[in-house]
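User: Could you take me through this structure? I would like the overall picture and then a few individual residues.

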Amino acid sequence: MIPLLPPRPRDGRRRRERGHLMVGLVAMVAIMMILSGQAVQEWTDVLRRDNEAEMMFRAQEITRAIFRFQQANGRLPSKLEELMEPGPKGEYFLRRMYDDPLVPDGEWGVLFAGPGGQIVDPNSDRVSYGEELGNVSTAPTQTVGGLQSTGSGPQEIGGLPIAGVKTLSTDQPFRVWRGLNDYSQWQFTIYDLQNQQTPGQAGGRQRGGSMNRG
């Protein structure tokens, strides 16, 4: 019987070299995964930032259409679809309804004009406008601050004209807009445009402001 010989020294070196190579490959893969994850996050942030700017542009386009509708018809629309119908002179205020790029379904939060000139936001978690406004849907209701509201999520208030829109995104915005850093507080309404067109209001009540798309 031939005795087994011990492994040659160079076989041991090869095993060690293969071990070092495997460790190096694992480390390289880990580094590549970290870098790719950072790249994906940066790209996601860039996309969200662009969508935020686009949301602001579209919301103001809808608001301008509401304002033109009011000037042409002497009233505010009761639904957004009216903006795509021809006006008294055959003009269109909005050719198509823009989607909100910040939410999957593209739906906007609708803002209503209250009888006292205030904005009624039925999508807000906290509604307090001092009096009951309009006709509320037949869903179970609760009275908050004197205003009947349906549930705690997005709500509908009938009988009130539409004065603007807002995004329903719950993400954290990149911008601080008009001193507000929460999407739930961002409102795009006709009162912004009315204030801009009223002379001598530089030192008065200013709810409007320029939009930064950058």
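Analyst: The overall fold comes before the individual residues. This is a predicted model, in which local features need pLDDT of at least 70, side-chain atom pairs count only at pLDDT 80 or more, and totals for chains, interfaces and linings use all residues. Residues are numbered from 1 along each chain as its sequence is written, and side-chain values use heavy atoms, with hydrogens and water left out.

User: How many helices and strands are there in the protein?

Analyst: The protein has two helices and eight strands, taken as DSSP runs (helices H or I, at least four residues; strands E, at least two). Their order along the sequence is α-β-β-β-β-β-β-β-β-α.

User: What share of the residues is buried?

Analyst: Of 214 residues, 33% are buried, meaning under 20% relative accessible area, whereas exposed means over 50% (1.4 Å probe, protein chains only).

User: On to Lys 166. Is Lys 166 buried or exposed?

Analyst: Lys 166 is buried, at a relative accessible area of 2%. Lys 166 belongs to strand β7, residues 162–166.

User: Which residues does Lys 166 touch?

Analyst: Leaving aside residues up to four places away in sequence, Lys 166 touches Trp 108, Gly 109, Leu 111, Asp 121, Tyr 183, Ser 184 and Trp 186; contact means heavy atoms within 4.5 Å. A polar atom of the Lys 166 side chain lies 2.6 Å from the backbone oxygen of Ser 184.

User: And Leu 21, where is that found?

Analyst: Leu 21 is in helix α1, residues 9–73, and is exposed, with a relative accessible area of 55%.

Note on methods:
A polar contact is a pair of N or O atoms within 3.5 Å; within protein, one must be able to donate a hydrogen and the other to accept it, and residues adjacent in sequence count only if both atoms are side-chain atoms.
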